[in-house]
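Look at the structure first, then read the points below.

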Amino acid sequence: MNEPIMQIHNIVKEFSGVRVLHKITLDIYGSEVLGILGENGAGKSTLLKIISGIYTKTAGDIKINCKEVNIQSATDAKKLGIAMIPQEFNLISTLNVFENIFLGNEIKRRGWLDKTAMRNKAKSLLEELKTELNPEALIETLSVAEKQMVEIAKALVNDSQILIMDEPTTVLTDHEVEIFFALVDRLKQRGVTIIFISHKLKEVKFLCDRLAILRDGHLVSVDDVKDIDEEDMARKMVGRELNQIYPPLSEHQQTDVLNVRNLSIKGVLKNINFHLKKGEVLGFAGLIGAGRTETAEAIMGLRKKDSGDLEIFGKPAQIENISDALNYKLAYLSEDRQGKGLIMNFDIPKNITLISLKAYVKGLIQHKKEQSVARDYVNRFDIKAASIHSNLINLSGGNQQKVYLSKWMDTSPSILILDEPTRGIDVNTKKEIYHFIQSLTEQGVSVIVISSELEEVMGLSHRVIVMRSGEIMGELTGDAINEKEIMLYAAGLKQTASG
């Protein structure tokens, strides 16, 4: 290889005296795709936030093109040609697409914003991404996948030479992933260096040239992709052998705990019918835009339905808002944990009790009780944090997700709806969550799992419902729960009666 485009030497990072990165030394080369792997909390995002100026290093040095640089802010990084596409979106929902793409990089003419130029350049960038996104569309109207495309377009505006991508494909369909991979290849051919974080090991194997693997804040190996397989990757990440990731399905009862009948929202959902049994895991599969999240939101009272009936534990249920849903012992983990689930500048106890706070109030909030319960959840879910008083912004994505799960478990639900529960989570944390789901079903809790990962839906579910364009296309059980059958229904090539 040629001289490194970036040299990272003995980088250390500490939060409140707790060391999370231990003397990381790594060379990064031009026109390569470097994968960064590790469990949640291994230090991946911390390292890349130092490179991109979001965090400042405690010790060590960074060189770009053999010259030492001092990156103190995102502005410094941008001037050095470094851009980061974050895992959690940094978009303003009340602005439209082109305004978000040029936020902080506005084109001006004679001192005034040149919206025509920005609109046209945004259109060109979106066409390069092969997306049909309207530059005038408001961010709040977009799907998660469409917001991801806006983030990528934002990074391309600066013509960055080092592009950091943190879990960029997690919410993309297979077709969108293909487009994304082609885009990465084009960027690489143009001389752009891609630093790529993903927990999808097959994706890493396919896309990357080299892999750097972190564990507990230490760099444990750097390998050429051709020299390492997926089992080696997983083993180096966790430091031990991984057994079967999915637990065996537990027996469930035949009692219906939830019946959804003729649920409809004009232009969104059409005559949704299904049932959920006690202690069952019911999977929802489908391509992005199929209506799975909208179905969950309608059940929880987060979306107003035009028609349809709910029956919970054999009795009619009227759910108009989240308080009603809680009264019926329903819980819902949204796919957008930062936007809809957690408050990033709150600490762990305050996030866990966001919904269940009444249980901690006797005139005043019983902070000692709140903190004691938070410690129990930290131990139960092995949440890695400097202390329970750490703000959520300082936790890794996987640990944030565990806090989010703790928040809903503190309401003692009977029916738990999980929307993309392992988005941006490493293989070991996934295994922990899968086994926790199984333990819940053994206690009689019923679980709905919405996931874009077919393997996850197939591995967890007793039954699978496949949706397309706001309708249920089919219900699969037993040997019919396989990738081929799910995709036939998801693509609209097959349909059976539901309910």
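Angles under 35 degrees count as roughly parallel. This is a predicted model. In it, helix α5 (residues 144–157) and helix α6 (residues 174–189) pack at about 10°, and α5 and α6 are therefore roughly parallel to each other. Their axes lie 12 Å apart.

**The α5–α6 contact**

- From α5, the contact takes Ala 145, Met 149, Ile 152 and Leu 156.
- From α6, Glu 176, Phe 180, Leu 183 and Leu 187 take part.
- An α-helix has 3.6 residues a turn, so residues three or four places apart point the same way.
- By class, the residues of this contact are seven nonpolar, one charged and no polar.

- Does the length of α6 agree or disagree with its residue count? At 1.5 Å a residue, its 16 residues should span 22 Å, and the end C-alpha atoms are 23 Å apart, which agrees.
- The buried residues of α6 are Glu 176, Val 177, Ile 179, Phe 180, Phe 181, Leu 183, Val 184 and Leu 187.
- Among the elements these buried residues pack against are the strands β3 (33–37), β9 (162–166) and β10 (193–197).
- The helices α4 (115–128), α5 and α7 (201–207) are also packed against by the buried residues of α6.
- Gly 191 follows α6 and has a positive phi, near 95°.

**The four-stranded sheet**

- The sheet is open, and its strand order is β14-β13-β16-β17. Pairing is antiparallel.
- β14 (269–277) and β17 (315–317) are the edge strands, each pairing on one side only.
- On average, neighbouring strands of this sheet are turned by 20° against each other, direction ignored.

- Ser 264 has Ser 307 of β16 as its bridge partner. Asn 259 stands opposite Glu 311 in β16.
- With β14, β13 pairs in the antiparallel sense over six bridges. Here Asp 256 has Lys 277 of β14 as its bridge partner.
- β13 and β14 form a hairpin with three residues between them. Gly 267, in the turn, has a positive phi of about 75°.

**Helix across the sheet**

- Helix α9 (residues 292–299) lies across β13, β14 and β16.
- α9 runs at about 70° to β14.

Notes
Residues numbered from 1 in each chain as written. Predicted model: local features only at pLDDT ≥ 70, side-chain atom pairs only at ≥ 80, totals over all residues. Heavy atoms only, no water. Axes fitted to C-alpha atoms, helices over the stretch in contact; angles between N-to-C directions. Helix = DSSP H or I, 4+ residues; strand = E, 2+ residues; numbered from the N terminus. Parallel < 35°, antiparallel > 145°, perpendicular 65-115°, else oblique. Contact = heavy atoms within 4.5 Å. Nonpolar A, V, L, I, M, F, W, Y, C, P; charged D, E, K, R; others polar. Expected span 1.5 Å × (residues − 1). Buried < 20%, exposed > 50% of the residue type's maximum accessible area, 1.4 Å probe, protein only. Pairing = 2+ DSSP bridges.
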